Amino acid sequence: GLSTVQTDLSKYIAMCTDASDPELKEVEDAESPWPYFVREEVWKDRVKFRMLLKKKRKQLHAEKSKNKRELLEAWKSQGGKVRRDLCSIKVSRLHQFAKKEFDRAYQTVFVSVARQVEHFEETEYKKDSVAKDEAWFESSLGFRAKDGVFCMSESDIEEAGFIDRLFPEPTTSLLPRRPPDSGDPDTKGEKKTVQAEANQGKPNEDRSGASSEAFSFRADRRLIRHLLRIMFLENLLELTKFCESC
């Protein structure tokens with residue numbers, strides 16, 4: 001019955017400890033345009049997304065630690081173009097990931113939110129980052145529309161210590177959570193998803209007034225950026241394998 005669905009949905013939401021309070025309270029939102037079974041599917045895949053990222057992060061960090069000297073030597077030997085290519089991820093790669101791992105409902109959310117990340121400055125949302133390291137990556141990450149790729153800032157790529165900064169030692173939690181007394185207006189005042197987004201999976205493009213402001217999917221954007229960091233590291237580790245075969 002509905003009470004069972006509500007319990008399952010609450011369970012999934014409670015497992016996403018990095019989400020902001022408005023996201024965690026979505027289950028209580030009687031005005032949500034999504035039926036409960038859709039929200040349950042979405043939150044179930046949000047939990048799965050976090051678990052996949054944690055598992056992959058642990059695996060790649062072990063590989064990075066094991067091959068760090070080779071990785072740094074291989075990186076130093078590459079020219080600017082190769083470095084830029086390694087720090088570029090096609091949007092289609094994100095979409096393929098979502099299609100492989102998630103059910104249809106969260107695939108729709110994922111693609112919509114990836115589009116928000118592509119055009120983040122146009123959304124007029126404030127920065128999503130909570131921690132200093134996360135803020136650095138968010139600022140460095142760009143989108144090259146003509147090629148359909150996410151890319152890192154060229155100036156950051158050329159800095160000493162870039163690899164360690166791109167993927168530092170992992171913390172206990174996947175993403176840091178904003179302190180409840182941070183006073184961040186975005187955390188306290190995020191709005192609900194508009195009907196158009198729920199039906200079409202598209203970011204809200206009308207920013208003419210407060211009534212048109214959509215729920216910002218902040219936690220989903222942060223997860224997608226973290227996925228991009230992981231994909232960048234995958235690219236870099238492939239470089240060491242290539243150099244070993246030379």
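**Figure 1. Overview of the predicted chain.** Of the 246 residues of the chain, 48% count as buried. The model is a predicted one. The chain holds 14 helices and 3 strands. Among contacts in the chain with a separation of 6 or more, 76% come from residues 24 or more positions apart.

**Figure 2. Pairing of E1 with E3.** Strand E3 (residues 149-152) and E1 are joined over 3 bridges in the antiparallel sense. Ser 88 has Cys 151 in E3 as its bridge partner. Ile 89 stands opposite Phe 150 in E3.

Figure 3. E2 and E3 pair over 4 bridges, in the antiparallel sense. Leu 141 has Met 152 in E3 as its bridge partner, and the bridge partner of Phe 143 in E3 is Phe 150.

Figure 4. Cys 151 is the bridge partner of Ser 88, while Met 152 is the bridge partner of Leu 141.

**Figure 5. Packing of helices H3 and H7.** Two packed helices are described by the angle between their axes and the distance between the axes. For helix H3 (residues 36-66) and helix H7 (residues 104-118), the angle is about 70 degrees and the axes are 8 Å apart. H3 and H7 are therefore roughly perpendicular to each other. Their crossing is right-handed. H3 makes the contact through Val 38, Glu 41, Val 42, Asp 45, Arg 46 and Phe 49, and H7 through Arg 104, Ala 105, Tyr 106, Val 109 and Phe 110. By class, the residues of the contact of H3 with H7 are 7 nonpolar, no polar and 4 charged.

Figure 6. Ile 230 lies in helix H14 (residues 218-244). With a relative accessible area of 2%, Ile 230 falls under the 20% limit and is therefore buried. Leaving aside residues up to four places away in sequence, Ile 230 touches Leu 53, Lys 56, Arg 57, Leu 60 and Phe 167. One of these, Arg 57, is 173 residues from Ile 230 in sequence, and the C-alpha atoms of the two are 6.7 Å apart in space.

**Figure 7. Leu 175 in the loop between H11 and H12.** Leu 175 is placed in the loop between helix H11 (162-166) and helix H12 (185-189). Leu 175 has a relative accessible area of 6% and is buried. Between the C-alpha atoms of Leu 175 and Ala 219 the separation is 9.0 Å, and the two residues are 44 residues apart along the chain.

**Figure 8. Glu 124 in the loop between H8 and H9.** Most residues other than glycine have a negative phi. Glu 124 is not a glycine, yet has a positive phi of about 65 degrees. Its place is in the loop between helix H8 (120-123) and H9. Glu 124 has a relative accessible area of 60%, which is over 50%, and therefore counts as exposed.

Methods:
Residues are numbered from 1 along each chain as its sequence is written. This is a predicted model: local features need pLDDT of at least 70, side-chain atom pairs count only at pLDDT 80 or more; totals for chains, interfaces and linings use all residues. Side-chain values use heavy atoms; hydrogens and water are left out. Axes are lines fitted to C-alpha atoms, for helices over the stretch in contact, and angles run from 0 to 180 degrees between N-to-C directions. Helices (H or I, at least four residues) and strands (E, at least two) are DSSP runs, numbered from the N terminus. Angles under 35 degrees count as roughly parallel, over 145 as roughly antiparallel, 65 to 115 as roughly perpendicular and the rest as oblique. A crossing is left-handed if the near helix is turned anticlockwise from the far one by less than a right angle, and right-handed if clockwise. Contact means heavy atoms within 4.5 Å. Ala, Val, Leu, Ile, Met, Phe, Trp, Tyr, Cys and Pro count as nonpolar, Asp, Glu, Lys and Arg as charged, and the others, Gly among them, as polar. Buried means under 20% relative accessible area, exposed over 50%, partly exposed in between (1.4 Å probe, protein chains only). Two strands pair if DSSP finds at least two bridges between them.
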